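Please walk through the strand pairing of this model, and then through its salt bridges.

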Amino acid sequence: MRLRYDWRGERMFQPEYEAMGRAELEALQLERLNGLLVRVYENVPTYRAKFDEAGLTPHVTSLADLAEFPFTVKDDLRAAYPYKMFAVPLRDIVRVHSSSGTTGQITVVGYTAGDIDRWADMMARTLACAGATPDDVVQVTYGYGLFTGGLGAHYGSERLGCTTIPISGGNTKRQVQVLKDFGATILACTPSYAVLIAETAAEMGIDPRSLPLKAGVFGAEPWSENMRKQIEQMLDITAIDIYGLSEVLGPGVASECSCQCGLHVNEDHFIIEIVDPQTLRPVPEGERGEVVFTTLTKEGIPVVRYRTRDISRIVPGECACGRTFRRMERVTGRTDDMLIIRGVNVFPSQIEQVLAGIPGVAPHYQVVLTKRGSMDHVEVHVEVGADVVFDEIKTLEALRRRVGGEIASALAVNIDVKLVEPKSIQRSEGKAKRVLDLREEGSA
Ligand code: DLL
């Protein structure tokens, strides 16, 4: 197995790529990009039509030329449902997954055997970023099925040589029991589910900090820095942010290393661009905008300039870990999750960052949207901590004011806050639903 020690003793899985010199990496990207453009032009009618319409031939002489090419959006994939954007015949596809369809009709993605192989490598890199080695036991609590989380993490864990527990999501008490009895050292699940697992352990009389876990690879939903600190504290682990999306790969597109200062994008397989979501022009290096990916090596369903709707930025400078791949900042949210409250743009994860720093409130919240007359009304429902006595009106009022005040000073907007009883906000075993939109139902 190709493993090498680097900074802090964390190992890279493929240092020959992960620590590549920039010039060499860009030469590889250019070569792969030209291969990709020809493949999609010849095999995917959607791309042929788009390139022809823009008067473009499938060839570039520099990476900068990619900016001339049209974007791909979710609607392109929807229109091609289920298989029309595959670049190879179905007989070469060995697996399909799909997006959850929370924002509309689901989209289907297909993988060749080569895609699965490269995906396993990328997820092995991700786990190695969290300090995993063949001596580790990985509990894969992401859902198995059409969702990419479970099988993505599973193949990566096996590729790295870890002992893999394919438990999938759900049955939280059993998760805790298995973590304990099977000696899991790495937990792979959504950050919100990690919180629920820690709470459930405590309810079962098992100190969550006494579990053998040393790290977690958490992603699939936005989470804040303060939430990270809480999870690390609750479970006594290092919590690593991992990012990906089905249309581009699944988990394994980008991952933090133990420096926890941005997510290294697997740039030998993807080109990342950050564009202004309004003008669609590239933003100056280091500024926030919408993340756009081009897949350089995908065979089943490659994408050119896919608009993710996720907001991030490139973290400037080099990382101390020795990886040369550029880092993207943690994703604060999606353009479609952004709330505009009295003219101020707010992501639920920004509210979470404030809540997770206040003692007395639990890490469970929901932003509830309703209509008051013709006006939208936003209210944050926050669970009080188990140690707060819910009937003490004075204590509660002081806490409510504090939460409202801290949100107002952090986000520069006043948002109504309602404190709710412990365990009254619905728990999720996968992606947490942070925004509850009741406006259609016309509730006041
Ligand atoms: O959520 C893939 C994945 C599985 C990533 C497991 C990480 C771990 P989709 O279901 O297609 O794929 O959802 C992709 O989830 O566009 C982001 O909006 C969001 N997302 C994923 N990871 C993160 C993260 C998987 N670390 C969509 N932080 C993406 C914030 C994330 N948002």
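T370 has H377 in strand β21 as its bridge partner. Strands here are DSSP E runs of at least two residues, helices are H or I runs of at least four, and both are numbered from the N terminus. The model is predicted, so local features need pLDDT of at least 70 and side-chain atom pairs pLDDT 80 or more, while totals for chains, interfaces and linings use all residues. Residues are numbered from 1 along each chain as its sequence is written, and side-chain values use heavy atoms, with hydrogens and water left out.

Strand β20 (residues 361-372) and β21 (residues 375-384) run antiparallel and are joined by nine bridges; two strands count as paired if DSSP finds at least two bridges between them. Two residues lie between the strands of this hairpin, and G373 takes a positive phi near 65 degrees. With strand β23 (residues 435-437), β20 runs parallel through three bridges, and L369 stands opposite D437.

The whole structure holds 35 salt bridges, each a side-chain nitrogen of Lys or Arg within 4 Å of a carboxyl oxygen of Asp or Glu. K214 and D136 form one at 3.0 Å, N to O. The two residues are 78 residues apart, in loops between α8 and β8 and between α5 and β5 respectively. K214 is partly exposed at 38%, whereas D136 is buried at 3%. E256 and R228 pair at 2.8 Å, and both are buried.

Technical notes. Buried < 20%, exposed > 50% of the residue type's maximum accessible area, 1.4 Å probe, protein only.
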